[in-house]
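Biologist: Please take a close look at one part for me, the pairing of aromatic rings. Then place it in the wider fold, and keep it brisk.

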Amino acid sequence: MQTPSKLLLENKAWSENIKSKDPEFFLSLAKEQRPETLWIGCADSRVPAETVVNAQPGEIFVHRNIANQVITTDFNCLSVLQYAISVLKVKHVIVCGHYGCGGVQAALQPQKADLVIANKWLLHIKDVYRLHQEELETIDPRKKTDRLIELNIIEQVYRLAHTSIIQSSWKHGHRPSLHGWVYGLQDGLLNELITLDHKTEISPIYRYAE
Ligand code: CO
């Protein structure tokens with residue numbers, strides 16, 4: 001049972017364990033963070049960013065939401081992105097989705113009355129479906145959800161590339177590289193779907209002219 005009091009006890013044990021191996025660990029980490037990677041992932045409890053890549057505190061700057069979306073009017077995600085690029089100067093941005101994503105599965109269903117807010121968030125995934133409708137409606141129906149999960153990840157990487165934040169950083173600093181990864185709940189493995197970098201040609205209607 002993961003009660004809050006059990007979690008607090010676990011936290012004490014975790015902290016003690018780390019300090020027993022490295023007494024300076026928290027003191028040096030408290031001074032500053034220097035992560036090289038921004039991770040934009042799904043809020044799903046089964047895909048914890050640091051755990052699946054075996055990372056330590058301080059190594060990954062994390063933003064998670066339902067179905068790992070980059071909505072270009074979402075100040076939460078954009079603020080994280082801007083801080084990561086301008087202040088932390090991360091070298092890589094990873095959008096990580098996962099097979100079996102409940103958000104993408106829900107987006108394939110009619111809107112539910114008890115989820116009026118979440119429905120609006122999922123409308124963006126329905127748009128990804130409409131963008132790739134021809135492919136999604138001609139493939140094996142059993143593969144439809146998995147393919148939409150992949151296409152959704154790829155679309156978020158393009159949305160990142162379409163922001164002024166990324167294009168300006170590409171122009172002036174040749175970073176970050178953008179990566180779309182999909183995680184398998186069945187095997188715990190990550191697979192690469194797409195990589196974009198400062199050499200990527202941006203379609204003229206999305207280009208940011210400074
Ligand atoms: Co998910």
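Modeller: Two rings of Phe, Tyr or Trp count as a pair if their centres lie within 6.5 Å, and for Trp the six-membered ring is used. Planes under 30 degrees apart are called stacked, those over 60 edge-to-face, and the rest tilted. Keep in mind that this is a predicted model.

By that rule there are four aromatic pairs. One of them joins W14 and F26. Their ring centres are 5.5 Å apart. W14 sits in helix α1, residues 4–21. F26 sits in helix α2, residues 25–31.

Now the wider fold. The protein chain has nine helices and five strands. From the N terminus, the order is α-α-β-α-β-α-β-α-α-α-α-α-β-β. Along the principal axes, the C-alpha atoms fill a box of roughly 55 × 50 × 30 Å.

Helix α6 covers residues 116–131, and helix α8 covers 144–161. Their axes come within 10 Å and cross at roughly 105°. An angle of 65 to 115 degrees counts as roughly perpendicular, so α6 is roughly perpendicular to α8. From α6, the contact uses H124, I125, V128, Y129 and L131. From α8, the partners are K144, L148, L151, N152, E155 and R159. By class, six of these contact residues are nonpolar, two polar and three charged.

Two backbone details sit in loops. Most residues other than glycine have a negative phi, and most peptide bonds are trans. A67 has a positive phi, near 65°. A67 lies in the loop between β2 (60–65) and α4 (75–86). The peptide bond from R175 to P176 is cis, with omega near 5°. P176 lies in the loop between α9 (164–173) and β4 (177–183).

Last, the pocket. The largest pocket has a volume of about 190 Å³. Its lining includes Q167, S168, W170 and K171. H198, T200, E201 and I202 also line the largest pocket, as do R207, Y208 and E210. By class, the lining has three nonpolar, four polar and four charged residues.

Conventions. Residues are numbered from 1 along each chain as its sequence is written. This is a predicted model: local features need pLDDT of at least 70, side-chain atom pairs count only at pLDDT 80 or more; totals for chains, interfaces and linings use all residues. Side-chain values use heavy atoms; hydrogens and water are left out. On a 1 Å grid over the protein atoms alone, a cavity is a set of points where a 1.4 Å probe fits but cannot get out, and a pocket is an open set with protein on both sides within 12 Å along at least five of seven lines; lining residues have an atom within 4 Å of a point. Grid points are joined across faces, edges and corners, and a volume is the space filled by probe spheres set on the points. Ala, Val, Leu, Ile, Met, Phe, Trp, Tyr, Cys and Pro count as nonpolar, Asp, Glu, Lys and Arg as charged, and the others, Gly among them, as polar. Axes are lines fitted to C-alpha atoms, for helices over the stretch in contact, and angles run from 0 to 180 degrees between N-to-C directions. Helices (H or I, at least four residues) and strands (E, at least two) are DSSP runs, numbered from the N terminus. Angles under 35 degrees count as roughly parallel, over 145 as roughly antiparallel, 65 to 115 as roughly perpendicular and the rest as oblique. Contact means heavy atoms within 4.5 Å.
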